[in-house]
Amino acid sequence: MKLYAVYLVEVRRMVRSGTIWLAGLLCLCAPLAGYLPLLRTSPVESLSIQLIANPVLAGTTMGAVIFAAVALAEASRPMRTGMDVLTDAVISPGRRSIVRMLAEITLIIIVTGVCACVYLPFTAAGMEYLFHPEFYFACYAVFMIPTWCISVFFVEALYQITCSSAVTILIYGGCVYASFSTYASEDYFLRWINPYVVSLSDGFISYWPLRIGLYTRLMWLCLAAGLWIWSLICIRRYGKKLAGSFLYGIRRGYLPVLAALLLASGLGLWKSQPFIDNGPEEFVEETDVKAMRSVKTSAIRYFISTSPWSGKVSARAEYDMIRPYTGEDLLEINPGYEITKMTYGGKPVDFLADERAVNGICRVRFRLPEQAGETLVIEYEGIPAIAAYVASFMVDESADRDYIQLRGTSIAPLTSYTCKNGAEISFTIPKDLTPYLDFSPMTDCVDNGDGTKTWTASCDTYVMDFAAGHYVMDRVNAAGVDIDFSYGKDYRKAVEEYDIREALAKVFEYCGKHYGALDQLQDNRLLLIQKSIMIMGGFAHPGICEWFETVLSPLTLSDPQRGASATEVFIHEMVHQWWGGFGLECDITDIWSDEGLTVYSTYRIARELYGELYAGQYYVEQWKQGVEQQERNFYYRHPEYLSALPERYRARLRETDEGTNLYMRMPLMILKAEQLVGGEKQMDQILKKMYQDRERYSDGKLFTYEDFLDYCGLEAKDLEL
């Protein structure tokens with residue numbers, strides 16, 4: 001019989017099987033587990049994580065186990081039922097295995113498609129204006145289909161090698177356990193059945209996690225498929241045992257060759273992965289000073305272009321040398337980049353890159369000829385790599401279709417070359433993105449007619465930051481401060497619906513009056529720019545302040561602990577410009593952090609805007625109820641019994657207590673301090689003094705609870721509730 005005809009028969013047989021329908025139904029229900037708090041895959045607050053990543057990854061893992069059970073049942077069925085004698089007479093065991101595998105892959109694709117369609121209406125309704133259908137379906141296609149196929153390949157291979165269901169289950173269970181083990185918990189490449197996704201953006205769609213996911217799925221598919229093809233050699237034939245069947249099967253020379261090619265491809269993908277550098281897994285305190293000498297040039301030019309689908313950056317740096325340094329020179333570049341060409345005066349220059357990166361930097365050494373007045377050209381390309389010591393975050397610079405973030409050596413090499421006129425730089429990016437260079441909007445561009453624009457600007461010799469996205473900019477004037485309010489276009493509805501511009505003005509008017517002006521101001525102007533959740537950390541500089549995507553997230557705006565309404569939650573987040581890392585940074589303990597100061601300030605703003613009755617009902621009373629509920633909890637009153645609980649329950653209790661302490665107990669303590677120091681005016685003077693003295697709390701020194709008590713002239717027992 002022809003293979004295609006047998007394949008159709010096998011698909012029809014499986015579709016009519018009640019076991020297959022039950023497995024399909026279980027796979028459709030599996031994503032529901034992703035909505036349970038205990039199965040969250042990421043601590044990041046975004047709708048894409050909550051409504052897409054968590055369900056997809058839960059469904060991916062559970063569905064892989066379900067299809068593994070189906071594959072084992074189907075593989076062992078002929079021998080288990082005694083039908084193998086008859087089936088072997090109709091079709092060879094090897095061809096039967098191939099047909100069965102093709103049929104199971106077909107079912108996997110069908111079930112994944114149905115699963116994605118089933119959860120589509122709920123996800124779209126939950127994400128509203130932040131829903132992107134193509135990204136939603138891409139997540140299912142990238143994670144579910146390959147992982148389920150990998151699982152089926154592994155089980156089929158293990159059974160065909162061992163010819164024992166018990167041994168197959170034992171080995172497969174060990175592989176699953178290894179994927180969930182502590183050793184693999186933060187290593188994306190070891191987690192074959194439970195992919196690792198740290199974050200997904202809502203408004204600045206980033207395909208970076210999907211790119212890594214697709215790469216690792218392909219890697220494991222090569223390994224699993226290679227093992228499965230090798231297992232075809234081991235299929236029992238003519239009543240022979242493993243050794244005899246293997247000697248017979250290996251006569252088909254194409255099978256071991258194909259298996260070796262797939263296994264080698266998988267191992268090669270593992271070894272040559274472009275996402276994480278090959279440096280040490282801990283930050284290295286380097287003792288040697290960079291061997292760079294200041295060399296003046298007459299002009300410096302950078303040309304950078306991005307590939308939105310592959311995430312690849314292609315670039316060229318040009319230096320018009322006045323007099324080159326003739327000794328060994330040095331440059332630093334992102335370890336994900338490869339220098340493809342280096343020329344001086346049109347002639348090749350030999351260079352040598354260090355074998356290992358250090359702290360996300362790769363050093364390249366070279367020598368220039370003595371000839372003066374020529375141009376040094378460095379061409380480089382690649383995907384920006386993550387430093388190994390922060391690899392567990394799996395978020396960093398990337399170049400995508402809808403958002404680009406490049407920093408430092410991900411833009412241009414760090415060299416010893418300087419130019420008094422700075423440098424000229426150009427970026428070729430998708431035409432619908434708005435770019436910011438070193439936090440200033442770029443204005444000069446040329447439409448290339450191919451869906452891209454080339455933006456040009458002058459910059460410092462070393463470029464620190466480039467970001468581009470679907471940005472909208474509003475201008476707001478508050479308390480004499482001109483604020484350029486730049487945010488993703490997907491958040492325009494939230495800005496309009498919750499009157500965010502007016503809330504922003506209220507924050508600056510109140511906090512500027514009561515605490516003082518921000519350090520970030522320059523000539524009474526401030527660029528407030530929203531950055532993707534995919535980028536670690538923030539930035540504050542005179543005239544510039546990054547704010548995080550989650551500030552306008554529906555999850556944040558609906559958090560009752562931060563404010564009584566979405567507008568007040570936004571006020572809370574903006575007050576962090578005064579109380580937090582950008583302003584007065586507080587030491588974080590069980591009852592003290594900048595969150596308490598921010599909640600108290602939000603309460604004071606709400607009281608000024610809406611009156612004492614409103615602020616008392618929606619703030620003070622809520623705090624009191626939260627603290628009272630906490631104190632009624634048995635384990636809070638008797639922490640000695642916590643050790644008897646499983647760790648996941650202890651973690652949930654700790655998380656609840658931390659939230660209550662920081663968002664409710666601490667604001668109540670500050671309110672009590674307000675009463676003890678003489679009222680609101682006296683407390684405002686204390687807070688203003690604290691904020692003005694913030695320079696004393698820098699270089700690692702944080703503002704503590706004891707410092708607050710000293711400013712208030714109180715003792716800890718005075719603020720006990």
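Let's start with isoleucine 110, which sits in helix H5 (residues 93-127). Keep in mind that this is a predicted model. Is isoleucine 110 buried, partly exposed or exposed? Its relative accessible area is 46%, so isoleucine 110 counts as partly exposed. Together with Val114 and Val118, Ile110 makes a nonpolar surface patch of about 240 Å².

## Two helices that cross

Now for some helix geometry. Two packed helices are described by the angle between their axes and the distance between the axes.

Take helix H19 (residues 680-692) and helix H20 (residues 705-712): their axes come within 10 Å and cross at roughly 130 degrees. H19 and H20 are therefore oblique to each other. The crossing of H19 past H20 is right-handed.

## Charged pairs

Side chains of opposite charge can pair when their charged atoms come close. How many salt bridges does the structure hold? There are 30 of them.

One of these links glutamate 74 to arginine 13, with the closest N and O atoms 2.5 Å apart. Glutamate 74 belongs to helix H3 (residues 47-81) and arginine 13 to helix H1 (residues 3-15), so this pair ties together parts that are 61 residues apart in sequence. Glutamate 74 counts as buried because its relative accessibility is 8%, while arginine 13, at 26%, counts as partly exposed.

## Salt bridges between strands

Glutamate 318 and arginine 301 form a salt bridge whose closest N and O atoms are 2.8 Å apart. Since glutamate 318 lies in strand E2 (residues 313-321) and arginine 301 in strand E1 (residues 295-306), the pair ties together parts that are 17 residues apart in sequence. With a relative accessibility of 13%, glutamate 318 is buried; arginine 301 has a relative accessible area of 23% and is partly exposed.

Arginine 365 and glutamate 328 also meet through their side chains, in a salt bridge of 3.9 Å from N to O. Here arginine 365 comes from strand E7 (residues 362-367) and glutamate 328 from strand E3 (residues 328-333), so parts that are 37 residues apart in sequence are tied together. Arginine 365 is partly exposed at 28% relative accessibility, and glutamate 328 is partly exposed at 42%.

Technical notes. Residues numbered from 1 in each chain as written. Predicted model: local features only at pLDDT ≥ 70, side-chain atom pairs only at ≥ 80, totals over all residues. Heavy atoms only, no water. Patch = residues over 30% accessible without salt bridge, like charges linked within 9 Å, V, L, I, M, F, W, Y side chains within 5 Å. Areas by Shrake-Rupley, 256 points an atom, 1.4 Å probe, with all protein chains shown as cover. Salt bridge = Lys/Arg side-chain N within 4 Å of Asp/Glu carboxyl O. Helix = DSSP H or I, 4+ residues; strand = E, 2+ residues; numbered from the N terminus. Buried < 20%, exposed > 50% of the residue type's maximum accessible area, 1.4 Å probe, protein only. Axes fitted to C-alpha atoms, helices over the stretch in contact; angles between N-to-C directions. Parallel < 35°, antiparallel > 145°, perpendicular 65-115°, else oblique. Left-handed = near helix turned anticlockwise from the far one by under 90°.
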